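Dear colleague,

I am handing over the structure we spoke about, and below it I have written down what was found. Please read the notes with the structure open beside them.

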Amino acid sequence: MKMTPEEYGRMAKKASPGSPFPKNCLLAFLIGGLICTLGQVCIELYQYAGLEQEVASTAASVTLVFLAVLLSGFGVYDNIAKYAGAGTLVPITGFANAVASPALEFKSEGLVLGLGAKMFIIAGPVIVYGTAASVVYGLIIYLFRLY
Amino acid sequence: MELFMTLLKAFLVGGVLCAIGQIFIDYTKLTPARILTGYVVAGVVLGGIGLYPKLIEFAGAGASVPLLGFGSLLAKGVKKAIQADGLLGVLTGGLTSAAAGITAALFFSLIVALIFKPKDKG
């Protein structure tokens with residue numbers, strides 16, 4: 001088999017195991033970037049419809065949350081997440097999916113302790129530590145009059 | 001053209017923030033739950049010191065959609081509530097500003113979980 005060094009290099013790269021870093025990162029970058037772009041499209045549309053920037057931004061987040069929850073219901077979000085990794089985790093859609101997924105999965109264990117409780121399995125810590133951090137921040141700026 | 005630049009900035013900044021998350025997944029033992037929590041807490045810190053709002057100004061949804069933006073929103077809400085209500089704002093500001101996102105996620109999830117059937121994990 002004859003090949004140029006470049007071709008060999010390409011083949012070797014393809015065959016070598018491990019180093020999923022560039023591919024994983026690229027996929028996370030692309031898909032995460034696209035989700036954020038979709039968010040920006042929503043913001044532009046809502047602003048065009050007359051909403052103020054801050055309200056438009058919140059409405060865009062809510063729209064993304066809605067879409068992510070719906071796609072989680074169809075089982076589509078998890079399929080995208082297999083490829084996208086952090087690309088579907090880090091945006092607010094990842095938070096929405098983290099609420100919807102266990103809610104759906106644990107429905108069989110009951111509406112209260114199954115669906116209702118397991119909903120918070122990931123969202124819980126996010127909310128607990130997020131609000132705790134905001135309280136600490138609030139105390140600091142209140143005590144040092146930085147507000 | 002201006003619209004294109006706005007979208008491009010959102011894509012690039014949002015993409016980079018997600019790629020950083022992927023580095024955490026691939027090269028540390030952080031679980032997705034810890035990464036989500038870490039991003040929100042980091043967002044509170046970055047928002048609190050005033051850095052993150054500048055990124056949101058630059059990249060729009062590219063910075064506000066990743067969970068760092070959620071954290072930054074908590075910090076912003078606390079500051080606003082303290083300005084309005086004093087000490088009580090320390091407790092009310094965070095969740096008030098995050099209410100739309102959290103309530104949307106909880107309510108939509110409830111509806112979807114009631115309607116849909118869980119998929120078998122393949």
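Buried residues make up 50% of the 122 residues in chain B, where a residue is called buried if 20 or more other C-beta atoms lie within 10 Å of its own, exposed if 12 or fewer do, and partly exposed in between, with the C-beta atoms placed from the backbone. Please keep in mind that this is a predicted model, in which local features need pLDDT of at least 70 and side-chain atom pairs count only at pLDDT 80 or more, while totals for chains, interfaces and linings use all residues. Residues are numbered from 1 along each chain as its sequence is written, and chains are lettered from A and ligands numbered from 1 in the order in which they are written.

The secondary structure of chain B comes to six helices and zero strands, where helices (H or I, at least four residues) and strands (E, at least two) are DSSP runs numbered from the N terminus. Its C-alpha atoms fill a box of roughly 50 × 40 × 35 Å, taken along the principal axes.

Turning to how the chains meet, 65 residues of chain B are in contact with 67 residues of chain A, two residues being in contact if their C-beta atoms, placed from the backbone, lie within 7 Å. The largest share of the side of chain B that touches chain A, 18 residues, is given by helix 6 of chain B.

Helix 6 of chain B, which covers residues 89–115, also holds Thr92(B). This residue is partly exposed, because 17 other C-beta atoms lie within 10 Å. Leaving aside neighbours within four places in sequence, Thr92(B) is in contact with Ala81(B) and Asp85(B).

If residues up to four places away in sequence are not counted, Val99(A) touches Met119(A), Ala123(A), Ala105(B), Leu106(B) and Ser109(B).

In chain A, the buried residues of helix 3 include Ala56(A), Leu64(A) and Val69(A). Just after helix 3 of chain A, Gly75(A) takes a positive phi of about 80 degrees.

With best wishes
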